[in-house]
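Q: Hi! Could you walk me through the charged residues in this one?

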Amino acid sequence: MLVVDDDDSVREALDLLIRTAGWRAETYASAAAFLARPRALVPSCLVLDVSLPDLSGLDLQNRLGTDRSELPIIFITAHGDVPMTVRAMKAGAAEFLTKPFREDVLLDAIASALERSRAALDQHSEARVLRDRYATLSRREREVMALVVSGLLNKQTAGELHISEITVKAHRGKVMRKMGAGSLPDLVKMAERLGVTLGATNEVPAPLRS
């Protein structure tokens, strides 16, 4: 659990509340101090004050960008308004709480955010496995994979690549084994996640987003 709030008393109160609930807490007095910490890919969430001495909470959310889905943000503020709330939620905030709020409301929000974080990390892990598997395919195997998942039959794929149908079947079998696909629909789903197209090359697709 990560907390960013410039008010010492608020940080101390949140730290105690979070630890009492059984979670580990790290607290920071500014956005800069938070950004200086190494990124840790473990289930967590960020309890973030909107008003900070350097970057605002909303600016920090923007700085983190959309590639931090494993770190849901719960905003807390004493001076919230509708436009502020809408901006935060549209940018992917998990919750927006106005001070004072009940402890159980925050704890429920944290529990929900942690589940969201675990799910995002699982998706990131699956994406890495897919990229690693795809990296083991030869150029020809990637070409066969791209054509097969596009709906072409073995005979049609053979015609496109100017190779025999038997060779296509051999490559297709290797693709299925290397990718760990139990069926063609499984392979199609993997290709969709990888962004494999008819123009597939030797390049491994860029990191996937969940």
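**Charged pairs and a helix cap**

A: Let's start with Arg 37, which is in contact with Leu 2, Glu 26 and Tyr 28, leaving aside its neighbours within four places in sequence. Keep in mind that this is a predicted model.

Q: Where is the place of Arg 37?
A: Arg 37 sits in the loop between helix H2 (31-35) and strand S3 (46-49).

Q: And is Arg 37 buried or exposed?
A: Arg 37 is buried, at a relative accessible area of 18%. Its side chain makes a polar contact of 3.3 Å with the side chain of Glu 26.

Q: Which residue forms a salt bridge with Glu 26?
A: That would be Arg 24, with the closest N and O atoms 3.0 Å apart. Glu 26 counts as buried at 19% relative accessibility, whereas Arg 24 counts as exposed at 60%.

Q: Okay, zooming out: how many salt bridges does the structure hold?
A: There are 14 salt bridges in the structure. One of them pairs Asp 5 with Lys 99, where the closest N and O atoms are 3.3 Å apart.

Q: Which parts of the chain does that pair link?
A: Distant ones, as the two residues are 94 residues apart. Asp 5 is in the loop between strand S1 (2-4) and helix H1 (8-20), and Lys 99 is in the loop between strand S5 (95-98) and helix H5 (103-135).

Q: Asp 5 first, then: buried or exposed?
A: Asp 5 is buried, with a relative accessible area of 0%. Lys 99 counts as partly exposed, at 25% relative accessibility.

Q: Now helix H1. What separates Asp 8 and Arg 11 there?
A: About one helical turn, because they are 3 residues apart in helix H1. In an α-helix there are 3.6 residues a turn, so residues three or four places apart point the same way. Asp 8 and Arg 11 do form a salt bridge, the closest N and O atoms being 2.5 Å apart.

Q: How do Asp 8 and Arg 11 compare on accessibility?
A: Asp 8 is partly exposed, with a relative accessible area of 46%, while Arg 11 counts as buried at 14%.

Q: Changing topic: which residue caps the N-terminal end of helix H4?
A: Asp 81 does, for the helix made of residues 82-90. A side-chain oxygen of Asp 81 lies 2.7 Å from the backbone nitrogen of Met 84.

Q: And what follows H4?
A: Gly 92 follows H4, and the phi of Gly 92 is positive, near 105°.

Methods
Residues numbered from 1 in each chain as written. Predicted model: local features only at pLDDT ≥ 70, side-chain atom pairs only at ≥ 80, totals over all residues. Heavy atoms only, no water. Polar contact = N/O pair within 3.5 Å; in protein donor to acceptor, adjacent residues only side chain to side chain. Helix = DSSP H or I, 4+ residues; strand = E, 2+ residues; numbered from the N terminus. Salt bridge = Lys/Arg side-chain N within 4 Å of Asp/Glu carboxyl O. Buried < 20%, exposed > 50% of the residue type's maximum accessible area, 1.4 Å probe, protein only. Contact = heavy atoms within 4.5 Å.
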